[in-house]
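Here is a short briefing on the structure shown below. Points are grouped by topic.

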Protein chains: 2
Amino acid sequence: MSKLTIKTLAKELGLSIATVSKALKDSHEISTETKKKVLAMAEQLNYVPNPYASSLRKQKSKTIAVILPEVADNFFSLAINGIQAVAVQKNYHVLIYLSHESFEIEKAVVNHCYSGRVDGVLISISSETTNAEHIQKLQSENIPVVFFDREFESLEAPKVITNDYESGYLSAKLLLEKGCKHPVFLSTSLSLSICSKRAAGFAAALSDTGLQTNNYQYVVDCTGTQEMIFDQVKDLLQKHKEIDGIVASVERLAMQIYMVSLSGHINIPKDLKVVAFSTLETAPILNPSLTTITQPAFEIGKSAAEVLFTMIEKKKHSIMADTTVILPSTLIERDSTAV
Amino acid sequence: MSKLTIKTLAKELGLSIATVSKALKDSHEISTETKKKVLAMAEQLNYVPNPYASSLRKQKSKTIAVILPEVADNFFSLAINGIQAVAVQKNYHVLIYLSHESFEIEKAVVNHCYSGRVDGVLISISSETTNAEHIQKLQSENIPVVFFDREFESLEAPKVITNDYESGYLSAKLLLEKGCKHPVFLSTSLSLSICSKRAAGFAAALSDTGLQTNNYQYVVDCTGTQEMIFDQVKDLLQKHKEIDGIVASVERLAMQIYMVSLSGHINIPKDLKVVAFSTLETAPILNPSLTTITQPAFEIGKSAAEVLFTMIEKKKHSIMADTTVILPSTLIERDSTAV
DNA sequence: ATGAAAGCGCTAACAC
DNA sequence: GTGTTAGCGCTTTCAT
């Protein structure tokens, strides 16, 4: 079966390729009659135009890139869902790239986005990313970039995020209300906007409440593989028996807190109250059910994609640069913070 | 900043575009000296070749498509991880398409894979898919296709799956051993190979054990949104108080069984023992911890991608058609089946 | 209303 | 070892 191009189609129909091309795009300069014939034949032979020939000619790819740290994470997979929903509607294709929290990989991946491979980029930065030159370069090549969730604060670009500071504040407030005397914020990388803002909110609540916070380390960083996180959490809780409340800044950390509690006979919520930033579906059926600050993950993805497409369509990227969409998270109290 | 093509590069270097092109691919017919100069300049200007021009010319896209029902599911996101791992290594790009369990969407998506958009397709079919003409057409256009997890049984194509029948058998066996007198298999769509095979294994275990199975419906189909599944499960358990054990054929179902048990004061494992086909990370910290049959999701994705790439590289698709890789699942006993 | 032809950026024969 | 050129499949001006 020789490949089916517009040329074969044209020959089959006894028309020129130009006419066929125009007919396929429903151009007004083609007679209704001809259009009908062309469409019918295209349908019959299941003609699908070569996307790359078209991309090359039109200098647009009908493709966007989504760069994220990880896909095996509820938040990110829900966000992908939201992104896909709008991409499909816009007739766009979605390339997925994973940075695995590595700055080097992220840079390499961003490099794939040049030269017309994609018309725009959605990115949630890695926890190692502390400068944004690679992303700026993308912008300077006129490739629109939108951050979602994990933004790079000092870079001018549209951002779709959640109310991290307020949520951090709320999480501490809740622990204090429930009687915690020594709550701790478990960060995953303070260079990450989401972590530093959540931590800042957390800190503000402590000081607002007049909690003694000198010589008391209430923000602890925790990174690495699941096993490494487990060890760090275990260590922390063993060395600091005074800790009676903990906020997990990301989902992965919550899991390990529970694992440590299981292994170390630490009772949640009696000995330790737990709040987690998380979109875990299983939060209500955990042992005990987990109090979460749930981000609107699908909506964040969807909204970020929408902003990206308006940039792609308007071709006026600068005009959107100060767009910041904030979609609030929801605190859902469950048993892990019960008194 | 005007766009950077091989032409500009060549002019900048005072060389022909052919020489530059060859130098970039490290062709042996170019002097080391020239190569060095070209590479240096390319590096300096951050030249990235236009992928679509290259694709058009070489008739290969360096891109694969992954078509799956859903991304917000542990199994699939882990599988994507595995796929990505090998794609990156092969310098390939990954397009993700979601069928949302819809046959119509799946067909539409498959249609995007023609005309050179991708060099190969990895697919896990939707629960509605009961014929594979769309996929056969792909094969007849010489686009290699590999199934992972959810295969289409009667289609000749490489498949990477888990030992569904044996696992189904094991799950029933376990429930019976734990004293269940009336275990039930909760399917999500018997047209899905994974469900029908798991159900068949389940049934075989019942009959091997000599359990009375006439006028006893031990396989129940359960589909729709989370809410619909919840209602169906609730209904089932209310109408059939005799059910004392249940196997969830997919992760989504397990969640709802737990939700029903919570809402209806059904005690797991006392009143009802539960086994789930699932890669849920949170299985050990559920209330009660969940006995799972855990599929090697990452490895399935990885292996499927590997098979696909050997097909892409060998260009001998037919030779692989009878490849079936079976990666066994692991039964992990936890409290949801405790006596 | 239809067609001829140029050219998007690249690769690969084929000269030289 | 380097350069010239045709052409991948498509879109789009410009003729007719």
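**Loop residues, exposed and buried**

B:Lys241 is exposed, because its relative accessible area is 67% and exposed means over 50%. The model is predicted. B:Lys241 sits in the chain B loop between helix H10 (226-239) and strand E8 (245-248).

- The C-alpha atoms of B:Lys241 and B:His182 are separated by 9.6 Å, and these residues are 59 apart along the chain.
- B:Ser99 is buried, with a relative accessible area of 1%.
- The loop that holds B:Ser99 runs between strand E2 (93-98) and helix H6 (103-111) of chain B.
- Leaving out residues up to four places away in sequence, B:Ser99 touches B:Leu68, B:Pro69, B:Ile105, B:Glu106 and B:Ser126.

**Nonpolar cores**

- In soluble globular proteins, nonpolar side chains tend to be buried together.
- The largest nonpolar core here has 138 residues. A:Val121 and B:Val121 have the most contacts inside this core.
- A second, separate core has 58 residues, among them A:Ile96, A:Ile300, A:Met320 and B:Ala87.
- Residues touched by B:Val121 include B:Ala65, B:Ile67, B:Cys113, B:Leu138 and B:Leu308, not counting residues up to four places away in sequence.

**Cavity**

- The count is 1 cavity of 30 Å³ or more.
- The largest cavity holds about 50 Å³ of space.
- Its lining includes A:Tyr52, A:Thr63, A:His93, A:Leu95 and A:Arg117 from chain A. From chain B, the lining includes B:Tyr52, B:Thr63, B:Leu95 and B:Arg117.
- By class, 4 nonpolar, 3 polar and 2 charged residues line the largest cavity.

**Backbone geometry**

- Most residues other than glycine have a negative phi, and most peptide bonds are trans.
- A:Asn46 has a positive phi, near 50 degrees. A:Asn46 is in the loop between helix H3 (32-45) and helix H4 (51-58) of chain A, and is partly exposed at 23% relative accessible area.
- B:His265 also has a positive phi, about 55 degrees, and is not a glycine. B:His265 lies in the loop between H11 and E9 of chain B and counts as exposed at 71% relative accessibility.
- B:Ile268 and B:Pro269 are joined by a cis peptide bond, with omega about 5 degrees. B:Pro269 is in the loop between helix H11 (251-264) and strand E9 (273-277) of chain B.
- A:Asn287 and A:Pro288 are joined by a cis peptide bond, with omega about -5 degrees. A:Pro288 lies between strand E9 (273-277) and strand E10 (291-294) of chain A, in a loop.

**Annotated segment**

- An unreviewed UniProt entry lists residues 4-58 of chain A as "domain: HTH lacI-type".
- Residues 4-58 of chain A are 69% helix and 0% strand. The end C-alpha atoms are 21 Å apart.

Key. Residues numbered from 1 in each chain as written. Chains lettered and ligands numbered in written order. Predicted model: local features only at pLDDT ≥ 70, side-chain atom pairs only at ≥ 80, totals over all residues. Heavy atoms only, no water. 1 Å grid on protein atoms, 1.4 Å probe; cavity = no way out; pocket = protein on both sides within 12 Å on 5 of 7 lines; lining within 4 Å. Points joined across faces, edges and corners; volume = space filled by probe spheres on them. Nonpolar A, V, L, I, M, F, W, Y, C, P; charged D, E, K, R; others polar. Core = buried A, V, L, I, M, F, W, Y, C linked by side-chain atoms within 4.5 Å. Buried < 20%, exposed > 50% of the residue type's maximum accessible area, 1.4 Å probe, protein only. Contact = heavy atoms within 4.5 Å. UniProt positions renumbered as here; feature names shortened; annotations may be inferred. Helix = DSSP H or I, 4+ residues; strand = E, 2+ residues; numbered from the N terminus.
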